[in-house]
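Please look over the sequence and the structure shown here before reading on.

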Amino acid sequence: MTNLRSWFPLAAVWIVLVGVLLGWFTLTARGGAPYSLVSLIVSWLPFLALVGVWLWFSRRNGRTSSGASWVDLFEQQVVEAQRTNALLERIAVALEKPSAG
């Protein structure tokens, strides 16, 4: 479950950013701010938000819920597979021995 405190700064920044853009649009409608600056901010905002969310998810997903990195988990899986293969080899050798009887 996602912690509410981790979402609060993101929501606060988003609200402030929307407020600033609404202020710019109000100034633009009155002729106070140059239209090209507002157009530039509005056109790049979705792209920057997408990149920001992508970076946030990539840093957040770098570790699992247990705190181990993906590399550590894969190394543990390799060690377990080697142990399983050794046990299967022992079983195969035991089955190849002729039974006395």
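The points below cover the fold, the confidence, the surface and one contact between side chains.

This is a predicted model. The protein has 101 residues, 8% of which count as buried. Three helices and zero strands are found in the protein.

**Fold**
- Read from the N terminus on, the elements follow the order α-α-α.
- Helix H1 spans residues 4-30, and helix H3 spans residues 70-96.

**Confidence**
- The mean pLDDT of the protein is 77.
- A value of 70 or more is reached by 70% of the residues.
- H1 has the lowest confidence, with a mean of 73, while H3 has the highest, at 92.

**Surface**
- About 8,900 Å² of the protein is accessible surface.
- Carbon and sulfur atoms account for 69% of that accessible surface.
- Trp14, Val18, Leu22, Phe25 and Val42 together make a nonpolar surface patch of about 450 Å².
- Helix H1 gives the largest share of this nonpolar patch, with four residues.
- Trp14, one of the patch residues, lies in helix H1.
- The relative accessible area of Trp14 is 45%, so Trp14 is partly exposed.

**Salt bridge**
- One salt bridge turns up in a search of the whole structure.
- Its partners are the side chains of Glu80 and Arg83, at 2.7 Å from N to O.
- Glu80 and Arg83 both sit in helix H3 and are three residues apart, so about one helical turn separates them.
- Glu80 has a relative accessible area of 38% and is therefore partly exposed.
- Arg83 is partly exposed too, with a relative accessible area of 46%.

Conventions:
Residues are numbered from 1 along each chain as its sequence is written. This is a predicted model: local features need pLDDT of at least 70, side-chain atom pairs count only at pLDDT 80 or more; totals for chains, interfaces and linings use all residues. Side-chain values use heavy atoms; hydrogens and water are left out. A salt bridge is a side-chain nitrogen of Lys or Arg within 4 Å of a carboxyl oxygen of Asp or Glu. Helices (H or I, at least four residues) and strands (E, at least two) are DSSP runs, numbered from the N terminus. Buried means under 20% relative accessible area, exposed over 50%, partly exposed in between (1.4 Å probe, protein chains only). Accessible areas come from the Shrake-Rupley method with a 1.4 Å probe; for residues, only the protein chains shown count as cover. Patches are made of residues with over 30% relative accessible area and no salt bridge: like charges are joined within 9 Å, nonpolar side chains (Val, Leu, Ile, Met, Phe, Trp, Tyr) within 5 Å. pLDDT is the predictor's confidence in each residue, from 0 to 100.
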